[in-house]
Amino acid sequence: MKKPLKGIMLSQDLLDQILEYAKGMYPKEIMLLARGDRIGSYLYIDEVLSPPLQHNGSDFASINIFYTPFTPSIIGTIHSHPSGALMPSLQDLLSYMGRIMGIAAYPFEGKHDFAFFDRQGNVIPYYIGNKETAKNS
Ligand SMILES: [Zn+2]
């Protein structure tokens, strides 16, 4: 029997990479795909990918779903909010893809500037750890 899902897990390195990228692209918005799988009680994010043909505008990022490699290992999307709002917009919820949606908000300094949301816009708790942490907890 599967353990109930406790939340999402990713490494400190990956979180730093996402925040650095968002900071580097500011004031443009970034859009990434999250690859991962279920490990133990967590959805573990292994890596993030840049979707092909992305359009980086100053206030939005859109991806063309027909050119996006939506293999089963893509568990969701991650994008940035240069405005600093750490919550999904109505447009985010309408264009929701996958199982999880990560949002990095300005000033992209640390864990408190990043959050995950489900399709209804509710926060999904996330934890910092490696695969071993996920397996053993
Ligand atoms: Zn958004």
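Guide: Proline 27 lies in the loop between α1 (12-25) and β2 (31-39). The model is predicted: local features need pLDDT of at least 70, side-chain atom pairs count only at pLDDT 80 or more, and totals for chains, interfaces and linings use all residues. Residues are numbered from 1 along each chain as its sequence is written.

Visitor: What kind of peptide bond joins tyrosine 26 and proline 27?

Guide: The bond is cis, with omega about 10°. A cis peptide bond also joins tyrosine 106 and proline 107, again with omega about 10°. Proline 107 is found in the loop between β7 (100-105) and β8 (114-117).

Visitor: What is the phi of phenylalanine 108, and is this residue buried or exposed?

Guide: Phenylalanine 108, in the loop between β7 and β8, has phi near 60°, a positive value in a residue other than glycine. A residue is buried if 20 or more other C-beta atoms lie within 10 Å of its own, exposed if 12 or fewer, and partly exposed in between, with C-beta atoms placed from the backbone. Phenylalanine 108 has 22 such atoms within 10 Å and is therefore buried.

Visitor: Why is leucine 15 called partly exposed?

Guide: Leucine 15, in helix α1, has 19 other C-beta atoms within 10 Å, and therefore counts as partly exposed. Two residues are in contact if their C-beta atoms, placed from the backbone, lie within 7 Å. Not counting residues up to four places away in sequence, leucine 15 touches Leu10, Lys111, Phe114 and Ile128.

Visitor: How far should α1 span, and how far apart are its end C-alpha atoms?

Guide: The expected span of a helix is 1.5 Å times one less than its number of residues. For the 14 residues of α1 this gives 20 Å; the end C-alpha atoms are 20 Å apart, so the two agree.

Visitor: Which residues of α1 are buried, and why are they said to line one face?

Guide: Ile18, Leu19 and Ala22 are buried. Seen down the axis of α1, the buried residues fall within an arc of 90°, so they line one face of the helix; the arc is that of the directions from the helix axis to the C-beta atoms. The face turned away from that buried side carries the exposed residues Gln12, Asp13, Asp16, Glu20 and Gly24. The buried residues of α1 pack against β2, β3 (42-49), β6 (74-81), β7 and β8.

Key. Helix = DSSP H or I, 4+ residues; strand = E, 2+ residues; numbered from the N terminus.
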